[in-house]
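Student: I'm new to this one. Can you walk me through it?

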Amino acid sequence: MTGNFQQALRDELLAAARRSLIPARRPWWRRTRTVVGAVAAAAAGVGVMAVATLGPAAASVTITADGDMVTVTLNDTSNSADEIESAIEDHGLDIDIEEVPVGPSNYGRFVSYTTDQSKHFDEVTTVDENGVTFMTFSVPRRWTGNLTVFLGRPARTGESYYSFSDAYDPGEPLACTGTFGEPLEDLADALDLDELTITVQVFEGGSPRDPVPYRDALEARIGDRPITGGGVIAEGKIIVNVGRPDVSAPPPC
């Protein structure tokens with residue numbers, strides 16, 4: 001394994017991690033948006049009820065007010081950012097929805113979010129999480145921050161995923177291959193190696209070692225170790241985990 005390979009992979013992994021976990025700075029030309037309190041136009045309808053359902057806003061979104069929180073829930077994964085944003089605006093919430101490239105298992109799911117100030121970041125609550133993606137988020141009724149929520153869309157050729165996909169989720173390269181828990185060397189029979197770039201990350205004592213190309217891993221005589229999961233960072237680019245602790249087997253196909 002060359003140093004150039006290691007550095008290139010680290011750069012790609014770090015870039016994806018930053019996109020997923022670090023609040024991004026909003027461009028200056030974006031209009032400022034404010035989340036209004038529990039949708040003032042519907043406040044009279046809320047009255048003394050503990051929960052007020054303000055939707056379904058459209059076929060795609062339901063919005064509810066519960067105490068001090070306003071909650072936005074996607075009912076399906078088939079809608080565009082513009083459709084979701086329009087439905088939210090129709091109910092008095094002013095939030096930006098932006099599309100970002102993801103793998104098939106994350107199409108139409110919320111991937112991440114960013115606020116204008118770090119102090120507001122923890123005031124956003126996400127629900128129904130699958131890895132780092134989610135279908136529901138809540139904000140305080142009187143929250144005054146600016147919010148952008150990122151929605152997964154199919155990645156174009158050559159685009160890295162904004163957020164990793166679980167390699168065993170439906171639609172991803174290892175789904176239904178029956179390779180989870182099997183020896184690493186079995187991937188050669190289950191996949192077309194000429195069509196994929198597979199990197200192997202071995203965990204020793206719970207800590208990850210430097211990732212290596214698949215064929216290098218076999219030459220290092222770890223091909224008999226069981227596969228314990230994997231992630232997809234771009235179309236055709238898979239990181240396979242070996243010996244990673246505390247992982248659950250994927251659901252049966």
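This is a predicted model: local features need pLDDT of at least 70, side-chain atom pairs count only at pLDDT 80 or more; totals for chains, interfaces and linings use all residues.

Student: In which sense do β4 and β8 pair, parallel or antiparallel?

Tutor: Parallel. Strand β8 covers residues 147–154, and the pairing with β4 runs over 7 bridges.

Student: What is the strand order in that open sheet?

Tutor: The order is β4-β8-β5. That makes an open sheet of 3 strands with mixed pairing.

Student: And which are the edge strands?

Tutor: β4 (96–102) and β5 (110–115). Each of them pairs on one side only.

Student: How much are neighbouring strands turned against each other?

Tutor: By 30° on average, with direction ignored.

Student: Which helix packs on the sheet?

Tutor: Helix α3, residues 81–90. This helix touches β4, β5 and β8. Its direction makes about 155° with that of β4.

Student: New topic, rings. How many aromatic pairs are there?

Tutor: The count comes to 5. One of them is Phe110 with Phe137, and that pair is edge-to-face. The centres are 5.4 Å apart, with 70° between the planes.

Student: Where do Phe110 and Phe137 lie?

Tutor: Phe110 is in strand β5, while Phe137 is in strand β7 (residues 136–140), so the pair ties together parts 27 residues apart in sequence.

Student: Are Phe110 and Phe137 buried or exposed?

Tutor: Both are buried.

Student: How do Tyr168 and Phe180 pair up?

Tutor: Edge-to-face again: 5.6 Å centre to centre, 85° between the planes. Tyr168 and Phe180 are each in the loop between β9 and α4, 12 residues apart.

Student: Why does Tyr168 count as buried?

Tutor: Because its relative accessibility is 9%, and buried means under 20%. Phe180 is at 22%, so it counts as partly exposed.

Student: Which residues do ring pairs link into a cluster?

Tutor: Phe110, Tyr113, Phe134 and Phe137.

Student: What parts does the Cys176 and Cys253 pair tie together?

Tutor: Cys176 lies in the loop between β9 (160–166) and α4 (187–190), and Cys253 in the segment after β14 (237–242), so the pair ties together parts 77 residues apart in sequence.

Student: Is that link of Cys176 and Cys253 left-handed or right-handed?

Tutor: Left-handed, with -115° about the S-S bond.

Student: And are Cys176 and Cys253 buried or exposed?

Tutor: Both cysteines are exposed.

Terms used:
Residues are numbered from 1 along each chain as its sequence is written. Side-chain values use heavy atoms; hydrogens and water are left out. A disulfide is a pair of cysteine sulfur atoms within 2.5 Å. Helices (H or I, at least four residues) and strands (E, at least two) are DSSP runs, numbered from the N terminus. Buried means under 20% relative accessible area, exposed over 50%, partly exposed in between (1.4 Å probe, protein chains only). Two strands pair if DSSP finds at least two bridges between them. Axes are lines fitted to C-alpha atoms, for helices over the stretch in contact, and angles run from 0 to 180 degrees between N-to-C directions. Contact means heavy atoms within 4.5 Å. Rings of Phe, Tyr and Trp (its six-membered ring) pair if their centres lie within 6.5 Å; planes under 30 degrees apart count as stacked, over 60 as edge-to-face and the rest as tilted.
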